[in-house]
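Let's take a walk through this one, with an eye on its aromatic side chains. Have the viewer open and follow along.

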Amino acid sequence: MFDDGTPIFQQLADRIAGDVLSGTYAEGDQVASTNEFAAFYRINPATAGKAVNLLVDRGVLYKRRGIGMFVAEGARERLAEQRRAAFAAEYVRPLVLEAAALGIDAAHLRRMIDQETTA
């Protein structure tokens, strides 16, 4: 489940966020407790807590004292917007820069992308 390249708490936060994006957890749904995440993934409860708190700080989850953690209203759209921004920074910007370095203009790049999406 976890790899060595990214901190475990970040990987768990990404997995929970992915579950919100995919609809596994809908807005208003209760998510597992930090102890349940820790037991399931065999990690330290403090590590699981750090992952959950990261998502609370991002407005994806919220705490109901004495009850548990829940998916916040608008969480799916917030996550999608964050991922779109990350996609642009990680993939689109480098693609455009490389295309420019190769002398490929925007119109030709669009045609290349269109070809790949219809293939």
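A helix here means a DSSP run of H or I at least four residues long, with numbering from the N terminus. Keep in mind that the model is predicted. With that in hand, go to helix α4: Phe87 and Tyr91 both sit in it, 4 residues apart, or about one turn of the helix. Their rings pair up, with centres 5.2 Å apart and planes at 40°. That angle makes the pair tilted, because stacked needs planes under 30 degrees apart and edge-to-face needs over 60.

How open is this spot to the outside? Phe87 is partly exposed at 47% relative accessible area, while Tyr91, at 51%, counts as exposed, since the cut-off for exposed is over 50%. Val92 belongs to helix α4 too, which spans residues 75-101, and it is partly exposed at 36%.

Phe40 is exposed, with 64% relative accessibility, whereas Tyr41 is buried at 17%.

Finally, look for charges over rings. The charged end of Lys50 is placed over the ring of Phe9, 4.3 Å from the centre. Arg64 lies over the face of Phe70, and there the distance to the ring centre is 4.9 Å.

How values were computed: Residues numbered from 1 in each chain as written. Predicted model: local features only at pLDDT ≥ 70, side-chain atom pairs only at ≥ 80, totals over all residues. Heavy atoms only, no water. Helix = DSSP H or I, 4+ residues; strand = E, 2+ residues; numbered from the N terminus. Buried < 20%, exposed > 50% of the residue type's maximum accessible area, 1.4 Å probe, protein only. Phe/Tyr/Trp six-rings, centres within 6.5 Å; stacked < 30°, edge-to-face > 60°. Lys NZ or Arg CZ within 6 Å of the ring centre and 35° of its normal.
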